[in-house]
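Let's take a friendly walk through this model together. Please have the sequence and the 3D view at hand.

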Amino acid sequence: MLRAVDVSFSYKRGRRTLRHVLHDVSFDVDRGTIVGVLGPNGSGKTTLVRIIAGMLRPDSGRVLLDGDSVADLPRRELARRVALVPQETQTTFDFSVIDIVLMGRYPHLGPFELERPADLEIARNALRATGTETLESRSFATLSGGEKQRVIIAAALAQASDILLLDEPTTALDIGYQFEIAALLKRLNADHGTTMVVSTHDLNLAAALCERVVLIKSGHVIAHGPTAETLTAHNIRLLYDVDADVQFHERAGHLTVVPLGRT
């Protein structure tokens with residue numbers, strides 16, 4: 001469904017290269033799966049997510065969505081196929097929750113076309129799917145961090161795209177909200193078959209949520225594959241220069257990672 005093929009990218013100023021960020025990154029995402037992109041700060045995760053979302057164009061290589069190059073798709077068509085949940089969402093105006101979620105319908109509207117009753121129903125279904133239907137009339141600015149994140153995910157669902165991209169979805173959330181967001185994403189995948197690419201440095205979130213992981217360090221893929229086979233103590237040492245105990249937790253039903261110290 002989604003393929004990154006030898007993607008390289010560097011930030012430039014004019015003709016001058018400031019920083020090489022990604023180097024020949026390749027991986028596949030099958031339909032209906034959740035894939036985690038893991039790596040330390042500055043490893044290129046957010047840049048990769050922006051390239052997949054069509055916000056940045058790679059220097060070389062391609063991102064393919066069902067065989068179509070993401071870089072060549074018209075913006076409106078791309079928005080119908082890929083939805084992005086960024087790390088932080090700021091609003092200039094005091095929008096209500098339902099207004100925020102209805103923004104996800106914009107790619108499906110014509111020029112100057114207003115939302116129809118069908119769009120409102122889709123938005124409300126997205127609110128119900130994320131457990132935020134009681135917040136519909138609330139001001140977005142008054143919500144807690146966890147509530148805001150669920151509403152933004154609802155807006156992405158209302159966009160009715162093939163793929164949901166999430167960039168550090170639990171950043172700055174306390175452990176309760178982290179668990180809530182992880183449970184929500186698992187439920188959306190199980191109930192709706194939502195395909196997701198989740199960028200994170202939270203190894204336990206990835207272990208609980210993702211079927212496959214891609215490990216990136218300094219812009220290079222150092223390993224990728226099924227989570228149970230790839231999220232190993234050896235690979236964590238390569239990725240973070242940290243010794244860790246990695247065990248399957250029977251009660252949790254997934255791997256758990258306990259950092260032990262710097263190598």
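Is Tyr11 buried, partly exposed or exposed? Tyr11 counts as partly exposed, with 27% relative accessibility, whereas Phe9 is buried at a relative accessible area of 7%; buried means under 20%, exposed over 50% and partly exposed in between, with a 1.4 Å probe and protein chains only.

Before going on, note that this is a predicted model, in which local features need pLDDT of at least 70 and side-chain atom pairs count only at pLDDT 80 or more, while totals for chains, interfaces and linings use all residues. Residues are numbered from 1 along each chain as its sequence is written, and side-chain values use heavy atoms, leaving out hydrogens and water.

Phe9 and Tyr11 also meet each other: their ring centres lie 4.8 Å apart and their planes stand at 85°, so the pair is edge-to-face. (Rings of Phe, Tyr and Trp, the latter by its six-membered ring, pair if their centres lie within 6.5 Å; planes under 30 degrees apart are stacked, over 60 edge-to-face and the rest tilted.)

Four strands form an open, antiparallel arrangement in the order 2-1-4-5. Strand 2 (16-29) and strand 5 (68-69) each have a single partner strand, so one side of each is left without a neighbour in the sheet. Strands are DSSP runs of E with at least two residues, and helices are runs of H or I with at least four, numbered from the N terminus; two strands pair if DSSP finds at least two bridges between them. Strand 1 (residues 2-13) and strand 2 are joined by nine bridges, and Ala4 stands opposite Phe27 in strand 2.
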